[in-house]
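Here are my notes on the model you sent over, as numbered points. Have the sequence and the 3D view open while you read.

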Amino acid sequence: MAEIVLQIRIDADLKNAAEKIYNKMGLNLTEAVRLFAKKSVELGTAPFAISTETKTAFGSLSKYANKNLIPLENSAWESAVSEKYGKKTD
């Protein structure tokens, strides 16, 4: 199976706190993300409850967001799809 590189933007304090947790478990953050993805696929959903009161993951995680990057990220998916497939998404 081919591997890809996954890049994510994450608050530095959140990253450091998560690394401490996973390091205590003998994992690094990359391994933890890989386990999260595998478990999500196995279950066919997120491996934890997500409140229906929040309509998006961003809403749940907004306290960790870099407010300066939000305008750039809002259209990132559409731009990536448009660039890859040469068409505008609607």
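1. Burial first. Of the 90 residues in the protein, 8% count as buried. Keep in mind that this is a predicted model, so every value here is computed from its atoms. The accessible surface comes to about 8300 Å², and carbon and sulfur atoms account for 56% of that surface.

2. On to the fold. The secondary structure consists of 5 helices and 0 strands. Reading from the N terminus, the elements go α-α-α-α-α. Two of these helices come up again below: H1, which covers residues 12-24, and H2, which covers residues 29-43.

3. What does Ser40 touch, once its neighbours within four places in sequence are left aside? The contacts are with Thr45, Ala46 and Pro47.

4. Now the charged pairs. The structure holds 2 salt bridges. One joins the side chains of Lys15 and Glu19, with an N to O distance of 2.9 Å. Both residues belong to helix H1 and are 4 residues apart, about one turn of the helix. How exposed are the two partners? Lys15 has 30% relative accessibility, so it counts as partly exposed. Glu19 has 22% and therefore also counts as partly exposed, although that value lies just above the 20% limit for buried.

5. The other pair to look at is Glu42 with Lys39, a salt bridge whose closest N and O atoms are 3.0 Å apart. Here both partners lie in helix H2, 3 residues apart, which again is about one turn of the helix. Glu42 counts as exposed because its relative accessibility is 58%, and the cut-off for exposed is over 50%. Lys39, with a relative accessible area of 36%, is partly exposed.

6. Please also take a look at the second largest pocket, which has a volume of about 590 Å³. It is lined by 15 residues, and those nearest its centre are Ile4, Leu6, Thr30, Val33 and Arg34. Which element gives the largest share of the lining? That is helix H2, with 6 residues. By class, the lining is made up of 9 nonpolar, 2 polar and 4 charged residues.

7. Val33, among the residues nearest the pocket centre, is found in helix H2. With 34% relative accessibility, Val33 counts as partly exposed. Leu6 is also in the group nearest the centre. How far apart are Val33 and Leu6 in sequence and in space? They are separated by 27 residues in sequence, while their C-alpha atoms are 9.8 Å apart.

Notes:
Residues numbered from 1 in each chain as written. Predicted model: local features only at pLDDT ≥ 70, side-chain atom pairs only at ≥ 80, totals over all residues. Heavy atoms only, no water. 1 Å grid on protein atoms, 1.4 Å probe; cavity = no way out; pocket = protein on both sides within 12 Å on 5 of 7 lines; lining within 4 Å. Points joined across faces, edges and corners; volume = space filled by probe spheres on them. Helix = DSSP H or I, 4+ residues; strand = E, 2+ residues; numbered from the N terminus. Nonpolar A, V, L, I, M, F, W, Y, C, P; charged D, E, K, R; others polar. Buried < 20%, exposed > 50% of the residue type's maximum accessible area, 1.4 Å probe, protein only. Areas by Shrake-Rupley, 256 points an atom, 1.4 Å probe, with all protein chains shown as cover. Contact = heavy atoms within 4.5 Å. Salt bridge = Lys/Arg side-chain N within 4 Å of Asp/Glu carboxyl O.
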